[in-house]
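Have a look at the fold before reading on.

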Amino acid sequence: MENQSRPATGYPASAYPHPPPPPNTYPNSAAATAATAYPYTAPPPPHPTYYYPNNNPHYPQPYPDPRATFARRLFAILIASFLIALTVALALWLILRPRLPDFRVDSLALSNLNLSSSSITANWAINFTVVNPNKKITFYYDQVQAAVYYNDVSLSETTVPPFVQPTRNQTPVRATFAAAEAYVGKSVVEGINGSHGSLNFNVRVLARVRLKAGWWRARQRFLRVYCGDLAVGMNSSSSAGGTLIVVYVAAFSPT
C-alpha cells in the first residue's frame, strides 16, 4: 500500500484543450501519412538543386586536347580536298569527254632480209595512221619511240619525229627500222627460216603525250601501243622481202 504522505510530482494539467493539428496543405496527404513516419501529415517538398558555376580561378575549366583538335581539323581538310578534286575531275570529264587516240597500221614492208646462224640483217618500213577522236582535246606527241619484234625478241628500234594532232584529225606517221647483223639468237633464226609463206612481227610504240583543251592542260603521260601478229607475206620470187597482208588496228594502254 502506497504512502499517502509522499508528495506527488508531475506537471499541472492544462486548463485549455490541445490545439487541433495544422490543416493539410500538401497533395496526397492520406497516402503520404500512411507510408511515412514524418510528424506532419505529408512529407516536405524536396530541396531544389542549385547550379553553382565554377568561378574559382584556382580551378580552371578543362580544355580539349590540342592534338586531338588538330587531327580532327586535318581529317576534315583532307576529306574536303578530296571531294573538291573529285568534283572538278568529274566536271572536266563531263565537259571534255576524253577518248584515247587510235593507232592503225596501214602497211609494213620488209626488205633486204638476210640471216646468218644467229644474226639478222633487214629493213622494215611501217606506215601508221593516228586518229584523234576528241572534239575538244589536242594531243602533243613530244617523244615517240618504236620497236619491231619477232615474238618477244627485239630486232630493231627507231625514233619518230614529234608531232601535234588537232581535234578530229587523222595524222599519217612513218617509222623505218634497220638491223645490220643484229644478234637475235639461234632460235629466232630457226623460227624465221621455218616459216612458210608469211612472217609475223610485233610492233610496240611508246609515246610521251601532253593533252590540251583551251586553258586546261593535263600533265605529261606515257602512251603504250602494241601491234601484234603483223603478218608479212613473202614474195614468191625471193625470200628477201615482203609486205603486210592485212590492215591492223593497234591495242594501247595509257600510263
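Let's begin with Y183, which counts as exposed because its relative accessibility is 66%. For burial, the cut-offs are under 20% relative accessible area for buried and over 50% for exposed, with partly exposed in between (1.4 Å probe, protein chains only). Y183 sits in strand β6, residues 169–183. Helices (H or I, at least four residues) and strands (E, at least two) are DSSP runs, numbered from the N terminus. In space, Y183 has I120 at 6.6 Å, C-alpha to C-alpha, though the two are 63 residues apart in sequence.

Before going further, a word on where this comes from: it's a predicted model, where local features need pLDDT of at least 70 and side-chain atom pairs count only at pLDDT 80 or more, while totals for chains, interfaces and linings use all residues. Residues are numbered from 1 along each chain as its sequence is written, and side-chain values use heavy atoms, with hydrogens and water left out.

Back to strand β6, which also holds T171. T171 counts as buried because its relative accessibility is 13%. Its C-alpha atom is separated by 8.3 Å from that of F128, 43 residues apart along the chain. S154 and V184 are 30 residues apart in sequence, with 7.7 Å between their C-alpha atoms. At 31% relative accessibility, S154 counts as partly exposed.

**Salt bridges**

How many salt bridges does a search of the whole structure find? The search turns up 3 of them. The rule here is a side-chain nitrogen of Lys or Arg within 4 Å of a carboxyl oxygen of Asp or Glu.

| D106 | R104 | 3.0 Å |

D142 is partly exposed at 28% relative accessibility, and R210 is partly exposed at 32%.

R204 is partly exposed, with a relative accessible area of 35%, whereas D152 is exposed at 64%.

That leaves the salt bridge between D106 and R104. D106 counts as partly exposed at 31% relative accessibility, and R104 is partly exposed too, at 28%.

**Surface patches**

Which residues gather in a patch of positive charge on the surface? They are R99, K135, K136 and R168. Patches are made of residues with over 30% relative accessible area and no salt bridge, joining like charges within 9 Å and nonpolar side chains (Val, Leu, Ile, Met, Phe, Trp, Tyr) within 5 Å. Lys and Arg count as positive and Asp and Glu as negative, while His and the chain ends are not counted. The place of a charge is taken as NZ of Lys, CZ of Arg, CG of Asp or CD of Glu. R99 itself is found in the loop between α2 (66–96) and β1 (102–115).

There's a nonpolar patch on the surface as well: F75, I79, F82, L83 and L86, with about 530 Å² of accessible area together. Areas come from the Shrake-Rupley method with a 1.4 Å probe, and for residues only the protein chains shown count as cover. L83 belongs to helix α2 and is partly exposed, with a relative accessible area of 46%.

In helix α3 (residues 186–194), the buried residues are V188, V189 and I192. Seen down the axis of α3, they fall within an arc of 100°, so they line one face of the helix. The arc is that of the directions from the helix axis to the C-beta atoms. K186 and S187 are exposed on the other side of α3.

Finally, the backbone. Most residues other than glycine have a negative phi. N112, in strand β1, has a positive phi near 55°. N151, in the loop between β3 and β4, has a positive phi of about 55° although it is not a glycine.
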